[in-house]
Amino acid sequence: QFFAVQPPVHLSCEQAVCYVLSVLLEGESYGTGLIQKLESDYPNYRLSDTVLYAALSFLESEQVLASRPQKVEGRGRPRRMYSVSPEWHNEAQKLAALWAN
């Protein structure tokens, strides 16, 4: 029975970068939303908070991503929304294509 159900595949930081870019090229999102989308679209994959935020931090430090706070009703602190910087759009598409393969 153990082998009948495949264990989840945990994304590495490199895979997370490609996944994040593939989602953010479609529109802005926030950290928890990225994790929820992965688990919804790819039920066998998992992305830890630690790996996700390491990938987001790396992309933001390289200025590939821009972020902005967004106030959410009923939530104390603002949510950080991420989007691909326009000047990185072409490079982001190349990296996002690696996720699709």
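Colleague: What is the volume of the largest pocket?

Modeller: This is a predicted model, where local features need pLDDT of at least 70, side-chain atom pairs count only at pLDDT 80 or more, and totals for chains, interfaces and linings use all residues. Residues are numbered from 1 along each chain as its sequence is written, and side-chain values use heavy atoms, with hydrogens and water left out. A pocket is an open set of points on a 1 Å grid over the protein atoms alone where a 1.4 Å probe fits, with protein on both sides within 12 Å along at least five of seven lines. Taking the space filled by probe spheres set on the points, the largest pocket has a volume of about 150 Å³.

Colleague: Which element gives the most to the lining of the largest pocket?

Modeller: Lining residues have an atom within 4 Å of a point; among them are Tyr 30, Tyr 53 and Arg 75. Helices (H or I, at least four residues) and strands (E, at least two) are DSSP runs, numbered from the N terminus. H2 and E5 each supply at least two lining residues. The most, 3 residues, come from E5.

Colleague: How many disulfides are there?

Modeller: A disulfide is a pair of cysteine sulfur atoms within 2.5 Å. The sulfur of Cys 18 is 10 Å from the closest cysteine sulfur, in Cys 13, so the two are too far apart for a bond. The count of disulfides is therefore 0.

Colleague: Is Cys 18 buried or exposed?

Modeller: Buried means under 20% relative accessible area, exposed over 50%, and partly exposed in between (1.4 Å probe, protein chains only). Cys 18 has a relative accessible area of 10%, so Cys 18 is buried.
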